[in-house]
Amino acid sequence: MGNAEVLGYRVEGLGSKGSVRRVLGTGGEGGESGYVNWGSGWADAGRAMDRCVRMAMEVARERMGTEGRERGRVVFKRGRARRLIFRDGEGEGKRRVVGAALDDGFEVLADLTIVAAGAWSGALVDLRGRAEARGQVLAYISLTDEERERLKDMPVVLNLSTGMFAIPPIDNASAPPPGQETRPRDWVLKVARHAFGYANPTVVAPEGDDIVISLPATRFSPIPAEGEEACRSFLQKTIPWLGDRPFGSTRICWYTDTPTGDFLIDYHPEYEGLFLATGGSGHGFKFLPVLGDKIVAAVQGALEDELAGLWRWPREKVLPFRGCEDGSRMGDRDMVLEEEWAKGKRKGERVRSSRL
């Protein structure tokens, strides 16, 4: 609270269930106590990242100019990195990373390879016990214009006892086509959970030998029954007049969790030419305005000592890895995605059998 107040934001303590209900303003319950930061808010991460990619491409083209493009100095290649390319290094017993091979066979070669692959980083580099993917449930509900108006002053809500949170109404409609200035609104309410999440143990061979590490699921199914029930229960308590409305869509968001919740931004100690920028731990996006500069500083060896110490390659693995211990996670530490899907299927079969 102190830092927020220094920045000029008013932070109000909420010492009773009634005061929490007042600030929530939805007619529901938000908890026994809490606080509200009146200067906080949220941002549309998907659209922000899309805009950043387009800006980066525009800036690169402008700086290189036509001559640079004609000489092949500016190349934009989109594809999935299948593996890193290793060669013998200069150091005794060391190997060097000289680029990455894409799924289509194209090889991207470089003097320095930076792995910034988010939750997929562990498929390219052995990060067991240092940074592993964990899945979090999300659910969306469609709203009318009138319902959006009713919820427009609702704050971002996070229950620190359960990890459940809700984002005020978002306009989910795509941008209007060229020449069209307006388009219909598509209001949705997002309900989700910030917890220890689901593991998805996967066999990969990032450095030659098979290992098992948690990575994002490659098949899409409805979120597990326990996750949907958690979202439903939270909605019924927090916004009761929407509590029984069917979810329009659900999905799993994949974090790249580190044991401490700190980023992993450092050179790999065992391979020449390999730098890592990963370990978002579910809060990487909020650093978007400054994180790129910090990564560049780390590459150049100019990062502040304090940050370099926090983000360095962890000397020890935390195995078995049971989630991020940053103090913000709640719930079951040992949920495995396939097992939770199977539980939901068995439960559904029991329900159908009882109705016969």
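Analyst: Let's begin with what a ring pair is: rings of Phe, Tyr and Trp (its six-membered ring) pair if their centres lie within 6.5 Å. Please keep in mind that this is a predicted model. By the pairing rule, the count comes to four aromatic pairs. One of them joins Tyr267 and Phe275, with 4.9 Å from centre to centre and 85° between the planes. That pair is edge-to-face, because planes over 60 degrees apart are given that name. Rings also group together here: Phe263, Phe287 and Trp311 form one aromatic cluster.

Let's stay with Tyr267 and Phe275 for a moment. Phe275 has a relative accessibility of 1%, so it counts as buried, the cut-off being under 20%. Tyr267, with a relative accessible area of 33%, is partly exposed.

You will find Leu112 in the loop between strand E5 (107-109) and strand E6 (113-115). Leu112 counts as partly exposed, because its relative accessibility is 30%.

The charged end of Arg80 sits over the ring of Trp120, 4.9 Å from the ring's centre. Arg232, in turn, lies over the face of Phe247, and the distance to that ring centre is 4.1 Å.

Terms used: Residues are numbered from 1 along each chain as its sequence is written. This is a predicted model: local features need pLDDT of at least 70, side-chain atom pairs count only at pLDDT 80 or more; totals for chains, interfaces and linings use all residues. Side-chain values use heavy atoms; hydrogens and water are left out. Helices (H or I, at least four residues) and strands (E, at least two) are DSSP runs, numbered from the N terminus. Buried means under 20% relative accessible area, exposed over 50%, partly exposed in between (1.4 Å probe, protein chains only). Rings of Phe, Tyr and Trp (its six-membered ring) pair if their centres lie within 6.5 Å; planes under 30 degrees apart count as stacked, over 60 as edge-to-face and the rest as tilted. A charge sits over a ring if NZ of Lys or CZ of Arg is within 6 Å of the ring centre and within 35 degrees of the ring normal.
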